[in-house]
Amino acid sequence: MISESILTAKNVRLRPAEESDLAQFQCWLADDELRRWLGSVNEQPSVAEEFDWYMSKRQDPDIILWSIEAADGGTLLGNVELRLSPLNRRAEVAIGIFDRQYWGKGYGTESMRLVLDYAFRELKLNRVELKAAEDNVRAIRSYEKCGFVREGLLREHRQIEGRPVDSVAMAVIRSDWEAR
Amino acid sequence: MTVAGDVRLEGELVVLRPRVEDDLPLFARWHGDPDVRHWLHMSEMPDQSLEVERQRWSVVRNDPTRVSFVIETLDGVPIGNIGLIGIDVAHRRAELGIAIGEKDHWGRGYGTDAMRVILRFAFDTLNLRRLELITDIDNERGIRAYEKCGFVREGVLRAKRLRYGEPLDMLIMAVLSED
């Protein structure tokens, strides 16, 4: 589903993802380096594929999708989603700042903190987890700043440009979040 | 479930055959047994009726990223199930799921044999490179069997699931085709 909650911090705003965001997402995904870090998108999607992606998110009751925009001026920056596993009170989080001009400036970190607060406070989850490519140093540093703890190294978990790459499994559990 | 098709895989103690609609009552019985259910990732589901099993099966059977087998003894008695979940061809990996539903067959090597068979299928036929699984941190018998098959401990996932309403840590393990 598309989140109806708007979450706001100093520099970012998370708001419902809209159909009108798709052209920009699709265009950004032409960037090989961006897709490499996202890990889940092998080729730039077509406009139709991007629309299908959006509809599948919208229809899935266990997904919450937001678009990320700059708090000042409302420039679209990327998106973030929670994939819920309600039975076990956990979620996987996936985040992307798609516009490379905004990389390394704290927008992702701030967005992630908003999502974590929402997950633990509003959704009452026990655990939020993710997997990052082991060489995605910038992302891992950001996740650690948000309180994610390394739980394991998954050997040859992904294949990037034909080569095996390890992934780091990370998570924030409720007690981590409460002690933040 | 396109890959399994009519595949029949033979081991030393067991045969794996594709799961079919007629197996539903069997699955409902296995999943309804509290001792079996204790270890299942979905043990928190409220009800293991035939209707719940049918709903789950309607999802599983049409999912191209899964293969699902029934484990039979060599004389044709179904004793459990094994399958691959989240088969990812691009990253050449999948997750393994296994349960021996007939308790009197626990601890006799059937699960280990079934895993060896599906490992060969995953690596040789599907050309995967990594097979992973998660299991309850206190599932000593399971972990011992996984290690026998070459699975290596990669990390502890804290509060990964609920069991009887309480958070439970789980172990993530994996075996690579080169191991």
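In the predicted model, Arg92(B) takes a positive phi near 55 degrees. This residue belongs to the hairpin of strand 4 and strand 5 of chain B, where four residues lie between the strands. Strand 5 covers residues 93–100 of chain B. The two strands pair in the antiparallel sense, over seven bridges.

Glu72(B) has Pro78(B) of strand 4 of chain B as its bridge partner. Four residues separate the strands of this hairpin too. Here Gly76(B) takes the positive phi, near 85 degrees.

Ile71(B) also features in the nonpolar core. The largest such core has 77 residues. Leu16(B), Ile71(B), Ala114(B) and Ile118(B) have the most contacts inside it. With neighbours within four places in sequence left aside, Ile71(B) is in contact with Val14(B), Leu16(B), Ile79(B), Gly80(B), Asn81(B), Ile82(B), Tyr110(B) and Ala114(B). In soluble globular proteins, nonpolar side chains tend to be buried together.

Two helices of chain B meet as well. Helix 1 spans residues 24–32 of chain B, and helix 3 spans residues 50–60 of chain B. Their axes come within 9 Å and cross at roughly 115 degrees. The crossing of helix 1 and helix 3 of chain B is right-handed. Helix 1 of chain B contributes Leu24(B), Pro25(B), Phe27(B), Ala28(B) and His31(B) to the contact. From helix 3 of chain B come Leu50(B), Glu53(B), Arg54(B) and Trp57(B). By class, this contact of helix 1 with helix 3 of chain B has six nonpolar residues, one polar residue and two charged residues.

The interface between the chains comes last. On the chain A side, 20 residues are in contact with 23 residues of chain B. Strand 7 (149–160) and strand 8 (163–173) of chain A each supply at least two residues of the side that touches chain B. The largest share of that side, nine residues, comes from strand 7 of chain A. By class, the residues of chain A on this side divide into seven nonpolar, six polar and seven charged.

How values were computed. Residues are numbered from 1 along each chain as its sequence is written. Chains are lettered from A and ligands numbered from 1 in the order in which they are written. This is a predicted model: local features need pLDDT of at least 70, side-chain atom pairs count only at pLDDT 80 or more; totals for chains, interfaces and linings use all residues. Two residues are in contact if their C-beta atoms, placed from the backbone, lie within 7 Å. Ala, Val, Leu, Ile, Met, Phe, Trp, Tyr, Cys and Pro count as nonpolar, Asp, Glu, Lys and Arg as charged, and the others, Gly among them, as polar. Two strands pair if DSSP finds at least two bridges between them. Axes are lines fitted to C-alpha atoms, for helices over the stretch in contact, and angles run from 0 to 180 degrees between N-to-C directions. A crossing is left-handed if the near helix is turned anticlockwise from the far one by less than a right angle, and right-handed if clockwise. A nonpolar core is a set of buried Ala, Val, Leu, Ile, Met, Phe, Trp, Tyr and Cys residues joined through C-beta atoms within 7 Å. A residue is buried if 20 or more other C-beta atoms lie within 10 Å of its own, exposed if 12 or fewer, and partly exposed in between; C-beta atoms are placed from the backbone.
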